[in-house]
Amino acid sequence: MRDFYGTTLPLPLMLGTARYPSPAVMEAAFRQSAAPVATVSLRREQGAGQAFWDMVRGLGVHLLPNTAGCHSAREAITTAQMAREYFGTNWIKLEVIGHADTLQPDPFGLVEAAEALCADGFEVFPYTTEDQVLAARLVDAGCRVLMPWGAPIGSGLGLNNLHGLRSLRAAFPDVAMVIDAGLGLPSHAAQALEMGFDAVLLNTAVAEARDPAAMAEAFALACRAGALAAASGPMGQRDMAVPSTPVIGKAWL
Amino acid sequence: MSDVTIIGAGVAGLWAARACLAQGLRTRLVDRKGTPGPHGCSWWAGGMLAPFCEGALSEPAVVTHGRRAAALWGEVTEVTHRGTLVLAPERDRAELQRFAARTEGHSDCDAEAIAECEPDLAGRHRRGLFFAEEAHLNPRQALQDLTQALVAAGVTVETTALAPSEAAGPVIDCRGMAASDALPGLRAVRGEMILLRAPEITLTRPIRLLHPRHPLYVVPRGNGIYMLGATQIESASRAQMTARSALELLSAAYALDPRFAEAEIIEMGADLRPAFADNLPGIVQRGATLHLNGLFRHGFLMAPALAEQAAAFLATATTGDLFRED
């Protein structure tokens with residue numbers, strides 16, 4: 001069983017804490033979904049977001065601080081160090097953005113920052129693509145978890161490159177993987193878990209739903225279904241119909 | 001001798017004074033900095049009276065009470081009734097559909113309707129929503145007019161640092177973030193705004209430009225002056241506007257109308273909005289003190305209704321729907 005740096009989660013769902021209509025709605029989304037991990041950004045608050053961070057801490061879940069909005073390894077490393085100090089966790093979701101519009105990760109800066117942070121004792125969750133060469137470099141750097149994207153952040157497109165994600169999953173059987181970014185519907189989350197991914201992380205799909213708490217619950221149910229399906233051994237696809245009851249000898253015309 | 005002491009002369013305190021006078025209460029209004037100015041967050045407001053647009057992300061009470069705000073403000077200051085135009089860049093058309101699904105009181109606009117509404121935007125935007133019932137005002141003028149109306153009714157703002165415990169009799173505490181020691185659930189949400197002079201551009205009503213990451217509104221202040229707003233950041237920092245926020249607001253304005261590139265930047269401002277966890281303004285009763293706080297981004301929209309309910313409580317001991325548990 002793959003875990004997240006020694007932590008197993010009761011539900012494979014991680015929720016972001018941005019873009020909700022209010023902190024009260026965010027709290028309701030966590031309560032109603034029982035999501036056990038919250039990501040929180042340190043970037044935009046200029047070190048003065050204490051009241052909001054306290055609310056996030058008050059959720060009583062595992063905190064996964066992130067380096068959202070960082071465009072260089074150096075920025076990301078500094079933000080990670082601030083996050084560790086403030087939230088008292090070695091977990092860090094490492095984002096090094098390479099492109100301001102697509103929010104695509106910068107693979108070079110990502111590896112550089114991952115090496116530095118792993119060496120410094122962080123437990124790094126890198127936001128990456130489905131690229132296997134990059135994945136190998138991140139694992140070499142010391143990452144025991146990978147967070148490949150489903151689709152660009154906030155796009156809600158679901159799993160854009162099924163083949164790429166499936167090969168990535170197969171290539172690193174011992175590495176825990178979280179599908180991060182791009183999920184729009186609970187069915188996307190179920191699909192990711194059915195494929196053997198270990199969790200999903202999402203924010204916009206819940207925060208911008210008309211009823212975020214109910215949508216968070218819908219994702220929680222989908223995560224349970226997907227994880228249960230993966231554990232139950234999916235039958236796989238066949239090219240021909242296989243009737244469950246033989247038709248020979250039956251009056252089937 | 002007064003029946004009630006109001007502490008804080010921002011938009012909440014001024015309205016509280018007006019509502020108390022209307023209830024026949026002898027009213028004292030104090031503020032440690034005096035009459036409204038850059039020291040208070042009302043000064044930095046947008047001045048949109050847009051209950052329907054705000055309804056996209058707010059509790060229903062903001063819509064129901066906010067709908068009365070334009071008429072109430074019209075008693076003391078000039079209110080422009082020209083509605084709100086909501087637009088989205090062509091790539092972000094889905095934002096417009098989403099906004100339409102979450103709001104009431106709008107009609108669809110095509111390119112022709114937009115051109116008719118705001119001729120300066122003709123040919124630039126093809127789809128939009130028009131909220132005909134909404135209005136706007138100039139917040140600084142409105143604060144001054146409201147202050148003058150109080151003076152005419154015999155209440156002047158006393159420049160005094162008075163703690164709620166030092167006042168004799170009931171208190172309405174309208175100090176915003178300064179009351180956070182008494183209201184642990186109150187938090188600061190930073191907002192930043194820019195004032196531009198763009199005499200080439202003629203827009204006659206607030207325009208909202210939807211964007212998944214950098215939404216913008218532009219409010220005309222007359223004489224070619226436009227207010228761009230506003231960021232919404234979970235932070236208690238009162239530092240000057242960041243370069244990032246300035247870039248975001250200015251590029252969104254440029255997307256709305258490229259002629260904003262030639263505008264003169266006449267002011268940049270940043271301040272803190274007080275907010276409760278649900279971002280809904282409210283009244284908290286603590287013994288003889290009523291806290292009227294958490295106005296968040298709804299100060300001009302919600303202050304009149306909050307003030308009415310607070311004054312009604314003092315005069316007749318009735319509580320309204322904006323009273324909340326702390």
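The chat below goes through a predicted model, taking chain A and then chain B.

Student: Ground rules before we start: how are residues numbered, and what pLDDT do local features need?
Tutor: Residues are numbered from 1 along each chain as its sequence is written, and chains are lettered from A in the order in which they are written. The model is predicted, so local features need pLDDT of at least 70 and side-chain atom pairs count only at pLDDT 80 or more, while totals for chains, interfaces and linings use all residues.

Student: Start with H7 and H9 of chain A. At what angle do they cross?
Tutor: Roughly 25°, with the axes of H7(A), residues 186-194, and H9(A), residues 212-231, coming within 7 Å. Helices here are DSSP runs of H or I with at least four residues, and strands are E runs of at least two. Axes are lines fitted to C-alpha atoms, for helices over the stretch in contact, and angles run from 0 to 180 degrees between N-to-C directions.

Student: Are they roughly parallel or roughly antiparallel?
Tutor: Roughly parallel, because angles under 35 degrees count that way, with over 145 as roughly antiparallel, 65 to 115 as roughly perpendicular and the rest as oblique.

Student: Which residues of H7(A) make the contact?
Tutor: Pro186(A), Ala189(A), Ala190(A), Leu193(A) and Glu194(A). Their partners on H9(A) include Met215(A), Phe219(A) and Cys223(A). Contact means heavy atoms within 4.5 Å.

Student: Which residues of H7(A) are buried, and what covers them?
Tutor: Pro186(A), His188(A), Ala189(A), Ala190(A), Ala192(A) and Leu193(A) are buried. The cover includes strands S7 (176-180) and S8 (199-202) as well as H9 of chain A. Buried means under 20% relative accessible area, exposed over 50%, and partly exposed in between, with a 1.4 Å probe and protein chains only.

Student: And just after H7(A), which residue has a positive phi?
Tutor: Gly196(A), at about 100°.

Student: Next, Leu42(A). Where is it, and is it buried or exposed?
Tutor: Leu42(A) is in the loop between strand S2 (37-41) and helix H2 (50-57) of chain A. Its relative accessibility is 3%, so Leu42(A) counts as buried. Beyond its neighbours within four places in sequence, Leu42(A) contacts Trp53(A), Asn66(A), Thr79(A), Met82(A), Ala83(A) and Phe87(A).

Student: On to chain B. Which peptide bond is cis?
Tutor: The one from Gly229(B) to Ala230(B), with omega near -25°. Ala230(B) sits in the loop between strand S13 (225-229) and helix H8 (243-256) of chain B.

Student: What is in contact with Trp44(B)?
Tutor: Setting aside neighbours within four places in sequence, the partners are Pro38(B), Arg140(B), Met193(B), Met227(B), Glu267(B), Gly269(B) and Asp271(B). Trp44(B) counts as buried at 18% relative accessibility. The C-alpha atoms of Trp44(B) and Gly229(B) are separated by 9.5 Å, though these residues are 185 apart along the chain.

Student: What about phi at Asn223(B) and Phe296(B)?
Tutor: Asn223(B) has phi near 55° and Phe296(B) has phi near 50°. Each is a positive value in a residue other than glycine.

Student: Buried or exposed?
Tutor: Asn223(B) counts as exposed, at 78% relative accessibility, whereas Phe296(B) counts as buried, at 10%.

Definitions and conventions:
Side-chain values use heavy atoms; hydrogens and water are left out.
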